[in-house]
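Here is a short briefing for a first look at this structure. It begins with the ligand and then turns to the protein around it.

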Amino acid sequence: MNDNTFSPSLHGEVYYPSPQVVEQARLKDWQALAEFAEQDLEGFWAREAEELEWFQKWEKVLDDSNKPFFKWFVGGKVNIVHNCIDRHLTTARKNKLALIWESEDGKQVRTFSYYALNREVSRFANILKAMGVRKGDRVTIYIGRIPEIIFAMLACAKIGAIHSVVFAGFSVDALRGRIQDSQSRLVITADGAYQNGKIVELKRITDEAIKECPSVENVLVIRRTGHEVPMEANRDHWYHDLCALPVANGKCPTEVMDAEDPLFILYTSGSTGKPKAILHVHGGYMVGVYSSLKYVFDLKDEDRWWCTADPGWITGHSYLVYGPLLLGATSFMFEGGPVYPYPDRWWQCVEHYGITVFYTAPTAIRSLMRFGEAWPNRRDLSSLRLLGSVGEPINPEAWRWYYSVIGKERCPIMDTWWQTETGMFMITPTPVVPLKPGSGTRPFFGQKAEILDEAGNPVPQGQEGYLVLLRPWPSMLRTIYGDPERYVQQYWSKYPGKYLTGDSARQDEDGYFWIIGRTDDVIKVSGHRLGTAEIESSLVSHPAVAEAAAIGLPHEIKGQAIHVFVLLRVGFAPSPELAEELRQHVAKHLGPIARPEAVNFVDKLPKTRSGKIMRRVLRARAQGLPEGDISTLEE
Ligand code: WT7
């Protein structure tokens, strides 16, 4: 069947868009646009890019002369911040709300119009410049979910510095490694972050981390919690003190950037070794994020958008910070999580702010489902018109609950499959596409996906295989910062010319894609991407541990949970206390999100003859499944 059509009678459980949804949708003819983009990839993306403002137009849309180092909008001059803020200031959007923020305890609400956002970002940028931050410098940002994290990111982009945001759920080791790798001169942090009523000591963690980071010259500290933190003279500066200085005031010009100039790096876990610094650029990233958010979540001026992701992950970068601003939308940002202090905290916000489009992760849906329908039913959710899901496969049961209890069977669910590396949605419906619970439907306009066997041949329909992408796209990662060889090796060498996603998937008789999971050693805990290598190296840094292996096992709420297998050093004996100590050790050093669910003490780890741990065998054994091909197992 044609990739650009939907058969009138699809197989299985299908949800067709209602006439009202089609009526409201900006894009009614999915097929026509899919066909156009397939036939004229560059034409499609040029048209999207023309909806944004460029200081100087590009000479060439796509340069693929040096694959896999693709370039987009070659010769174009732009700055993503010009399109996120500056261009709105000359229109009626100037006084429109860009951001509404509510604190975890609900006691504070802060709102920023586009005009006010420009003031905040300009001030932040003036301060960065006064601190000596220059175009191309790396700046690490380690702050919780407060407006200042957005100001900090945009301020970096405005002056051409490269931001590297580290999720506030990570701790000392993770932060240190990322600062060292990026060679940041400045770290922006806060005195603390609130999480479920408790304070996460961001400043103390930063102090600990930068003891071994000689590149760091300054630390800029945002006051959030107000509790006392140590400040080192000449190195640490309160942000509010600097705001009072004359240099902070006044206009700050938005730097003219080349379309291919770096915008940010974001660390993500891969199969082996240390996390990879995924590099995104001003021009192509901007166009991809803008276009995908426009077509998939259909944001219009009257919408109120809520993406629950943290800015510390790609979802936050693309669809909490940059995307909605590129579209001139109003975003809501909430400091807290879904169930604190009550399981209707989120629904209270939907009701209070009249959220129209809501984007979250399956793990949040599952954790809310547990508390039953009474909590959401107490709230008026009738403002919602579209829902979204991201981060891991959504199980059909959670999908149906989300659809009926939250969306009242009125709101289509956009199950968006993508990655840190892709920058934007890659396999996703749009509001007018017929949905199947658990499937992201088809590739986005201009994209083509395939499912391959080990040898690189497409698998028969219905069978599982390696998911690859066939076409370049503007917001694709440009490289792994500082390690271009690893970029080529990791993504483009298994099947030359095809982008390896690291996921396994199957395609059904209607051409719909179903993501199964990672094929590498990445664990998805509550949608957060963690590498076995990081967890294992954290464990072996404990004096009792000689060797360790980490795997992900299915978990009802988290999707996957971390299980570790530990071989103790001579002189240490297994005990429940030691198991608990090791769990805390990982949480303290790597971050609470990496805390293992279970610690198993073993006498031996299954290894290949060349000494590699066979996590696949551990996984099979733990689940009581067949061990598969174990011919490479030692002895
Ligand atoms: C991995 C990427 C970019 C979104 C946030 C996560 C999994 C992501 C889906 C989905 C099934 C999904 C994949 C992918 N994933 N979205 N809708 N359905 N799986 O970004 O941390 O880079 O993780 O998340 O396994 O490879 P990330």
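Which of the 17 residues around the ligand come nearest? They are Asp 415, Thr 416, Thr 420, Arg 518 and Arg 529. Being near means having a heavy atom within 4 Å of the molecule. The model is predicted: local features need pLDDT of at least 70 and side-chain atom pairs count only at pLDDT 80 or more, while totals for chains, interfaces and linings use all residues. Residues are numbered from 1 along each chain as its sequence is written, and side-chain values use heavy atoms, with hydrogens and water left out.

**Ligand site**

- A backbone N or O atom of Thr 416 sits 2.7 Å from a nitrogen atom of the ligand. This is a polar contact (a pair of N or O atoms within 3.5 Å; within protein, one must be able to donate a hydrogen and the other to accept it, and residues adjacent in sequence count only if both atoms are side-chain atoms).
- Alone, the ligand exposes 550 Å², and the protein buries 96% of that. Such areas come from the Shrake-Rupley method with a 1.4 Å probe; for residues, only the protein chains shown count as cover.
- Helix H11 (314–326) and strand E25 (513–518) are the elements that give two or more residues to the shell around the ligand. Helices (H or I, at least four residues) and strands (E, at least two) are DSSP runs, numbered from the N terminus.
- The shell has six nonpolar, five polar and six charged residues. Ala, Val, Leu, Ile, Met, Phe, Trp, Tyr, Cys and Pro count as nonpolar; Asp, Glu, Lys and Arg count as charged; the others, Gly among them, count as polar.

**Helix H11**

- H11 is mostly covered, with 13 of its 13 residues buried. Buried means under 20% relative accessible area, exposed means over 50%, and partly exposed lies in between (1.4 Å probe, protein chains only).
- His 317 lies in H11. His 317 counts as buried because its relative accessible area is 0%.
- The side chain of His 317 has a polar atom 2.8 Å from the backbone oxygen of Pro 311. That side chain also reaches the backbone oxygen of Trp 313 at 3.1 Å.
- Just after H11, Gly 328 has a positive phi of about 70 degrees.

**Nonpolar cores**

- The largest nonpolar core has 170 residues, and Ile 188 and Tyr 322 have the most contacts inside it. A nonpolar core is a set of buried Ala, Val, Leu, Ile, Met, Phe, Trp, Tyr and Cys residues joined through side-chain atoms within 4.5 Å.
- Helix H6 (residues 147–159) gives the most to this core, with 10 residues.
- Another core, of 28 residues, lies apart from it; Phe 332 and Trp 347 are among them.

**Backbone features**

- The peptide bond from Lys 67 to Pro 68 is cis, with omega near 0 degrees. Pro 68 is in the loop between strands E1 (60–63) and E2 (71–74).
- Another cis peptide bond joins Tyr 340 and Pro 341, with omega about -5 degrees.
- Phe 73, in strand E2, has a positive phi near 55 degrees. Phe 73 is buried, at 0% relative accessible area.
- Asn 234 has a positive phi near 70 degrees. Asn 234 is exposed, at 74%.
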